[in-house]
Amino acid sequence: MRVSVETTGSLERKVTIAVPSELFEEKIEGRLRSTAKEVKLAGFRPSKVPLREVRRRFGKALRQEVASELVQTSFAEAVRREDLAPAGQAAIEILNLEAGSDLEFTATFEVLPEFDLADLATLRVRRPSVEIEEADIDRTVESLRERRTQWNPVQRPAAERDRAIVDYAVRVDGRVVEEGEGEAVIVGEASSHAELVAAVSGMSTDETRAFPMNYRETGHRKAGDDSAHAAEEPVSNKVDGAGVAQGAATEDTEADAEAAAEAEKEIVVAESIEDAAEADPAQLPDTPEPGIENLDDASASRQAICQVTVRAIEEPSLPTLDDEFFDWFGVDSDGDRMGKFRVAVRERMQVELDVANRRTTRQEVMSALAAAHDFYLPKVMVDAQAEIERERFARIMQNLPPAIVEACKGIAEERVRTQLVVGKIAAQESMRPDDEQIRARIDEIASAYEDADGVRTHLYGDEDQLNRIEAAVLEDQVVEHVLSLAQVATEQASYQDAVSGTPFPEPEPAEEASSEDAALPSAAADQATGEVVAEQLESTAESTKAPVELGTQAAPVDADEHAASADKEAPSTQKAGIVGNLRRLFGSRKA
């Protein structure tokens with residue numbers, strides 16, 4: 001077998017391979033003979049079909065079949081012989097398939113880059129240092145009350161913070177392009193339906209009003225879309241920061257939130273979107289914010305008329321911290337129920353904080369590794385990762401603006417770079433996750449659910465999930481290795497900034513830095529910490545008790561996201577009821 005390698009780009013290689021005709025024809029003859037013994041043709045006895053007849057009928061197809069097999073085996077052999085490391089699938093082109101000639105073909109592909117690891121001792125990594133204050137607990141308890149807000153009907157015009165249940169229809173040139181029935185809007189809150197919310201303010205029950213609005217054809221929900229009616233949901237139904245009742249998010253929202261947070265490093269978007277992402281990235285509205293329109297084709301925005309009818313007006317009422325409230329959470333009725341409740345809340349907050357700190361530290365390590373290494377990246381790997389990022393954003397918003405599509409490429413490049421660096425560190429240090437580590441990670445994930453055994457069985461039976469778990473465990477080992485060598489600085493942070501994923505401020509240049517332990521300013525001063533945590537809560541007690549439905553939705557595999565749900569982390573002095581409720585409330589990523 002003849003092999004020649006041509007460098008056609010920084011990482012692209014074109015390999016020309018020629019398989020001797022003798023070997024090619026020998027394999028074809030063998031395939032013809034085996035086919036003659038197996039094929040059944042009318043007029044011939046079984047296994048007695050003449051070779052010439054098999055050649056006449058099947059010769060061309062069998063030549064193609066044998067050629068395909070030889071291409072695969074000879075390409076694999078050539079890669080081993082030339083010590084090449086393909087980064088993806090090769091593009092194969094057959095040059096010669098004629099009888100009596102060598103089988104000749106080319107394979108064009110990218111190889112994994114060769115690079116030297118940076119001195120890990122020179123890396124600077126920041127770790128958050130956070131203390132849970134009594135005020136943080138106060139805010140979280142208050143937010144837990146808000147999550148159970150009761151909405152009471154009133155007979156007066158809609159005022160600030162009231163919830164209005166409305167029917168509306170948007171018409172362009174007389175055609176209904178969007179409509180909603182029984183939709184809930186919170187008066188005075190920021191919303192992707194800002195003009196609708198503004199129009200509802202001051203309206204009374206059964207009043208109808210029409211007003212002009214800008215409508216973006218490609219972004220809004222179309223008439224006839226099947227959406228949940230907020231008026232039919234329980235009184236404790238969660239209304240997101242956009243002011244429109246949202247359906248339950250899927251378990252993929254963590255991946256979506258992570259993608260949204262990383263994209264903020266690459267693009268500048270409207271303040272309303274940034275605010276929503278800080279509060280809860282998973283709750284970015286399905287419809288585009290006004291600022292997003294500026295990033296896309298402005299011609300898509302059209303003048304429309306919206307007609308809205310108010311069906312009911314409700315004012316909010318927070319539950320008191322009484323026995324009924326504590327009963328809902330399953331707090332032991334003996335002794336100081338408030339004290340027990342606060343102890344349980346604090347411990348769940350601590351677990352959430354630990355999870356957030358690990359995530360932040362891991363992100364810091366990965367960013368430091370990416371910044372310390374500069375080498376060509378395989379386009380095939382970047383393109384594949386960019387598609388994953390685009391799919392994540394597509395689950396958050398429709399019709400991605402060009403700026404976000406471009407940002408996905410930047411995110412993909414950093415992820416591919418860190419993947420390659422992490423892989424090299426793991427190989428150099430002979431790291432590999434053992435069975436015990438994988439088992440511990442799966443147990444950690446499964447503990448977030450009522451049916452822990454079922455989730456555990458599901459994970460063990462899903463090869464893709466297992467591969468991801470192994471990769472996550474290996475990545476954790478690399479993070480710990482880097483932290484043991486790098487220059488680690490401590491950054492003071494508030495509880496709210498830590499659990500909401502507020503990134504560290506950009507570090508000053510080394511020569512200008514006055515201290516490695518600079519204080520971290522809060523990026524969301526005066527915003528209630530409890531509101532950030534409470535965005536992760538279930539809307540009703542019943543929904544918190546529902547086990548994961550195996551087979552319909554894969555259990556998440558990011559153990560850091562679910563470490564907060566491990567029973568061993570729950571306060572041992574508390575009754576199982578409150579432990580279970582708070583575990584699910586804080587640990588769940590449903591909204």
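Visitor: How many salt bridges does the count come to?

Guide: The count comes to 30 salt bridges, where a salt bridge is a side-chain nitrogen of Lys or Arg within 4 Å of a carboxyl oxygen of Asp or Glu. Some ground rules: this is a predicted model, where local features need pLDDT of at least 70 and side-chain atom pairs count only at pLDDT 80 or more, while totals for chains, interfaces and linings use all residues. Residues are numbered from 1 along each chain as its sequence is written, and side-chain values use heavy atoms, with hydrogens and water left out.

Visitor: OK, which residue does Glu65 form a salt bridge with?

Guide: That's Arg31, and the closest N and O atoms are 2.3 Å apart. This pair links distant parts of the chain, with Glu65 in helix α2 (residues 51–81) and Arg31 in helix α1 (residues 21–38), 34 residues apart. Helices here are DSSP runs of H or I with at least four residues, strands are runs of E with at least two, and both are numbered from the N terminus.

Visitor: Why is Glu65 called partly exposed?

Guide: Because its relative accessible area is 38%. Buried means under 20%, exposed means over 50%, and partly exposed is in between, using a 1.4 Å probe and protein chains only.

Visitor: What about Glu53 and Arg56, where do they lie?

Guide: Both are in helix α2, 3 residues apart, which is about one turn of the helix. Glu53 counts as buried because its relative accessibility is 14%, whereas Arg56, at 58%, counts as exposed.

Visitor: And Glu364 with Arg126, how many residues apart are they?

Guide: They're 238 residues apart, with Glu364 in helix α9 (residues 337–372) and Arg126 in strand β5 (residues 124–129), so that pair links distant parts of the chain too. The salt bridge between their side chains is 3.4 Å, N to O. Glu364 is buried at 16% relative accessibility, and Arg126 is buried with a relative accessible area of 13%.

Visitor: Which residues do salt bridges with shared partners join into one network?

Guide: Glu134, Asp138, Arg342 and Arg346.

Visitor: Switching to rings. How many aromatic pairs does the structure hold?

Guide: It holds 8 aromatic pairs. One of them is Phe325 with Phe329, called tilted because the ring centres are 5.1 Å apart and the planes sit at 55°. For the rule, rings of Phe, Tyr and Trp (its six-membered ring) pair if their centres lie within 6.5 Å; planes under 30 degrees apart count as stacked, over 60 as edge-to-face and the rest as tilted.

Visitor: Are those two phenylalanines, Phe325 and Phe329, buried or exposed?

Guide: Buried: Phe325 is at 1% relative accessibility, and Phe329 is at 1% as well. They both lie in helix α8 (residues 323–329), 4 residues apart, about one turn of the helix. Phe329 also pairs with Trp328, edge-to-face this time, at 4.7 Å centre to centre and 80° between the planes. Trp328 is buried, like Phe329.

Visitor: Which residues do ring pairs link into a cluster?

Guide: Phe325, Phe326, Trp328, Phe329 and Phe341.

Visitor: How far apart are Lys424 and Val478?

Guide: C-alpha to C-alpha, they're 9.9 Å apart in space, and 54 residues apart in sequence. Lys424 is found in helix α11 (residues 402–428) and is partly exposed, with a relative accessible area of 30%.
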